[in-house]
Amino acid sequence: MDIQFRIANFFVTVRYRIYGPPNSYRFNAMHVVNADIEEIFRKVADLLDIQNANPFRIRAYRNAAVTIGRMSGNVADMVARQEDLTELPGIGADLSKKILEIVETGRLRYLDTLEKNAGASFSELMDIPGLGPRKVRALYDALGTRNIDELEAAAREGEISSVPGFGEKTEQNILKEISRLRERSRRLTWHAARQAAAPLVDYMRGYDEIRQVEIAGSFRRCRATVGDLDLLVSCRRGADAISHFTGYDDVSDILSSGTTRSSVVLRSGLQVDLRVIPQVSWGAALLYFTGSKQHNISVRKRAISRGLKINEYGVFRDHERIAGRSEKEVYASLGLPFIPPEIREDRGEIDAAEQQKLPSLVRLEDIRGDLHMHTTATDGHNSIREMAEAEKKRGYDHIAITEHSRHVRIAHGLDTEELERHIEEIDSVNEEVEGITVLKGVEVDILEDGSLDLPDTVLQQLDIVICAVHYQFNLSEKEQTRRIIRAMEHPLTQILAHPTGRLLSQRDPYEVDMEQIMNVARQTGCVLELNAAPERLDLNEIHCRMAKEHGVRVSIDSDAHAISDLEYMAYGINQARRGWLEPADVINTRPLGEMLKLLK
Ligand code: DGT
Ligand code: CA
Ligand code: CA
C-alpha cells in the first residue's frame with residue numbers, strides 16, 4: 001500500500017467535497033497521524049541509503065521517524081496549535097518544515113523526487129524483511145527488479161539464486177516474506193487502529209440522535225493487530241446515523257451505504273463497517289460482532305443444545321425473544337456469566353465460564369511499577385527525574401531505569417564507566433524525589449554466544465538486570481534457543497525482555513523454542529517480559545498463557561523512551577488479559593518489597 005497515495009487521494013477527495021477547488025483549500029490538521037509521518041521519513045532514509053547519500057542525513061531521517069513514531073500525542077495537533085516542532089528531539093528547522101508539508105498536504109515532495117530519481121519502487125522492496133538498501137540495489141543492478149511483482153517473478157524463475165551473495169535459501173525466503181508481507185500489510189497495530197477509531201467514536205457520539213456507540217470486532221477483543229473496525233450504533237432512524245457516518249471528514253471512500261449498514265475506507269486505508277442496531281438487540285449484536293467467529297460458533301452450539309436459537313438480534317425460544325438487550329443478559333440466558341471480550345477466542349473460555357472458573361484478569365489499576373524504560377542517557381527523550389515524577393503521578397511505587405548496554409550502538413548503549421556514572425545519578429534522583437523508588441537497571445545485550453555485554457562486576461551493582469536479543473535474529477531455532485537459555489541461566493539476569501523479538505508489521509519473531517524457554521524460566525526463576533510497546537506486544541497472548549501454565553511469572557513493561565510512552569502499559573495489560581493473566585501472575589502488580597522477592 002502506498003501511504004503517500006492513500007493520503008493524497010484522501011486529500012483530493014476531501015478538498016473537492018468540502019472546500020471546493022484546491023486553491024481555496026485550507027488544511028485540516030486532524031487527518032495526518034504520526035504513523036504516516038514516520039513511514040514517510042523512514043522511506044526517505046531508505047531511499048537516501050540506496051543512493052549512497054551522506055550517512056549523517058540518513059541517520060537524521062531515521063531518528064526523526066523513531067521520535068515521531070513513539071510519540072503518543074498527535075504531531076498534527078501540535079501543528080494545529082502552532083507549536084514549535086523543533087522542540088521535539090532530533091527535529092531541526094528543515095525536518096520541521098517537512099513535517100508541516102506532510103501535515104498540510106499529505107505528501108512530501110522530496111520523497112516523490114527521490115522515488116522518481118530512483119526509477120523504481122525501492123521503498124516497497126525494502127518492506128521485505130532481510131532486504132536492506134544494499135541488497136535491493138544489488139538485485140536491481142543484476143536483474144533490474146524494480147518492484148515486488150518483478151522480484152516475485154524473478155524468485156519463481158530461480159534467477160535470484162544466481163546473483164552473487166544470494167543463495168537458494170534466500171530466494172525461498174524472499175518468496176515466503178512476500179506472501180507474509182501481503183498478509184501483514186492488510187492489518188494495523190491496535191495502537192494505529194485506536195488513533196483512527198477514537199476520533200471517529202467521538203464524532204459519532206457527538207451526534208444527538210445516536211444513543212449508543214461501540215467498536216466491536218478484533219478491536220474490542222484487543223487483538224495486537226486489527227483488520228478492520230466493526231462499528232455499532234443505535235439510533236432512532238438508521239438513515240440519519242448512516243449519513244452522519246459517511247459525512248465524516250476522514251472518509252476517503254464509501255464502499256456501500258444503505259439504511260442500516262454502511263462500509264467506508266478511512267484515509268489511513270482502514271475499513272470501517274457500520275451497523276445500526278435496534279436497542280432490543282444491542283447486546284446480541286455486540287456479542288455477535290465482537291466475535292471471535294470461533295467464539296460465536298461455540299456460543300451458538302451451546303444455545304442449540306439448550307433448545308434455543310441465537311443470532312445478532314437476540315436469543316429466541318421458538319419465536320419469543322428471551323434475551324438481547326445486553327451481553328450480560330445474552331450470556332445469562334445461556335447459563336453463563338459475562339465473558340470478557342479479550343478472551344473470546346474459543347480457547348476454553350466457555351467451559352471455564354460454565355464452571356465459574358473464569359480468570360480474574362489483571363487490570364491497569366493493579367499495576368504498581370514499571371521495570372523497563374530508557375532516558376536521555378541513551379535513546380530516550382526524558383530524564384530519570386522526569387520519568388520518575390510522571391510514574392509517581394500514575395500511582396506507581398517503583399520504576400526501573402534500564403538503559404541499553406554498549407553493544408546497541410544505534411541507541412548509544414552505555415559502557416561500564418558510563419553506567420557507573422548513571423548509577424550515581426539514579427542515587428541522587430532517589431534522594432530528591434519522594435514517594436517512588438527508582439531502581440538501577442540495565443537492558444544488557446545477549447551476545448551471539450549467549451554471554452552478556454557487560455562484566456559481572458558492573459551487573460552486580462544493579463537492582464535489575466534485563467537481558468535482550470537485539471541482533472543476529474536469523475540463527476537457527478536450536479542456536480537461538482541455546483543462546484537465550486545461556487543468558488537466562490546467568491546468575492545475574494532476572495528478566496528476559498521481549499522474548500521473541502517480533503515487530504508487528506515489520507519483522508516476524510525469531511525462531512526460538514518457547515517450550516524450552518518456559519522450562520528454563522521456571523527452573524531459574526527468570527521472569528519473562530511482556531513488552532507493551534504497541535509494535536512489540538511480546539510475549540504474545542499464547543505465550544502469556546503458556547507462562548501461566550508453566551508457573552512462570554511475567555513482568556509487563558512499557559519500554560518507554562519518553563514520558564508519553566508510559567501509557568503503553570495499557571496495551572500490555574490488554575495483551576496480558578488476552579493471555580488469561582491474573583494479578584498474581586504479574587510481578588509488577590506487587591509493591592516494591594514483594595516484587596523484589598520474586599526476582600531471582
Ligand atoms: P479482523 O477484522 O480481521 O481483525 O477480525 P474480526 O474478528 O474483527 O473479524 P470481522 O471484522 O471479519 O468480523 C467481526 C465479527 O463478526 C467477528 O469477530 C465475528 C462476527 N462474524 C463475522 N463473520 C462471521 C461468520 O461468518 N460467522 C460468525 N459466527 N460470526 C461472524
Ligand atoms: Ca474487524
Ligand atoms: Ca468487519
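**Figure 1. Ring pairs link Trp190, Phe219, Tyr568 and Tyr571 into a cluster.** The model shown here is predicted: local features need pLDDT of at least 70, side-chain atom pairs count only at pLDDT 80 or more, and totals for chains, interfaces and linings use all residues. Residues are numbered from 1 along each chain as its sequence is written, chains are lettered from A and ligands numbered from 1 in the order in which they are written, and side-chain values use heavy atoms, with hydrogens and water left out. Rings of Phe, Tyr and Trp (its six-membered ring) pair if their centres lie within 6.5 Å; planes under 30 degrees apart count as stacked, over 60 as edge-to-face and the rest as tilted. In the whole structure, 10 aromatic pairs are found.

**Figure 2. Tyr203 and Tyr248 form a tilted aromatic pair.** A pair of aromatic rings is described by the distance of the centres and the angle of the planes. For Tyr203 and Tyr248, the values are 4.7 Å centre to centre and 40° between the planes. Tyr203 belongs to helix H11, whereas Tyr248 lies in the loop between helix H13 (238-246) and strand E5 (251-257), so the pair ties together parts that are 45 residues apart in sequence. Helices (H or I, at least four residues) and strands (E, at least two) are DSSP runs, numbered from the N terminus. Tyr203 counts as partly exposed because its relative accessibility is 25%, and Tyr248 counts as buried because its value is 8%. Buried means under 20% relative accessible area, exposed over 50%, and partly exposed in between (1.4 Å probe, protein chains only).

**Figure 3. Tyr331 and Phe338 form an edge-to-face aromatic pair.** The ring centres of Tyr331 and Phe338 are 6.2 Å apart, with 85° between the planes. Tyr331 is buried, with a relative accessible area of 0%. Phe338, at 36% relative accessibility, counts as partly exposed.

**Figure 4. Asp228 bridges the calcium ion (ligand 2) and the calcium ion (ligand 3).** The two ions lie 3.8 Å apart. Donors are N, O and S atoms within 2.8 Å of the metal (3.2 Å for Na, K and Ca); water is not among the atoms, so sites may look incomplete. The calcium ion (ligand 2) is coordinated by Asp228 (O), Asp228 (OD) and Asp230 (OD), at 2.2 to 2.6 Å. The arrangement around the calcium ion (ligand 2) is irregular because its six donor atoms subtend angles of 68 to 163°. Asp228 is partly exposed, at 23% relative accessibility, whereas Asp230 is buried, at 12%.

**Figure 5. The largest cavity holds about 100 Å³ of space.** On a 1 Å grid over the protein atoms alone, a cavity is a set of points where a 1.4 Å probe fits but cannot get out, and a pocket is an open set with protein on both sides within 12 Å along at least five of seven lines; lining residues have an atom within 4 Å of a point. Grid points are joined across faces, edges and corners, and a volume is the space filled by probe spheres set on the points. Two cavities of 30 Å³ or more are counted. Among the residues lining the largest cavity are Ala284, Leu287, Tyr288 and Asn296. Helix H14 (282-290), helix H15 (293-305) and strand E8 (309-311) are the elements that give two or more residues to this lining. By class, the lining has six nonpolar, two polar and two charged residues. Ala, Val, Leu, Ile, Met, Phe, Trp, Tyr, Cys and Pro count as nonpolar, Asp, Glu, Lys and Arg as charged, and the others, Gly among them, as polar.

**Figure 6. The second largest cavity has a volume of about 50 Å³.** Its lining includes Trp190, His191, Cys222 and Tyr571. Helix H11 (190-205) and helix H24 (569-578) each supply at least two lining residues, and the largest share, three residues, comes from H24.

Note on methods: Four donors count as tetrahedral if all angles lie between 85 and 135 degrees; four count as square planar and six as octahedral if opposite donors are over 155 degrees apart and all others between 65 and 115; anything else is irregular.
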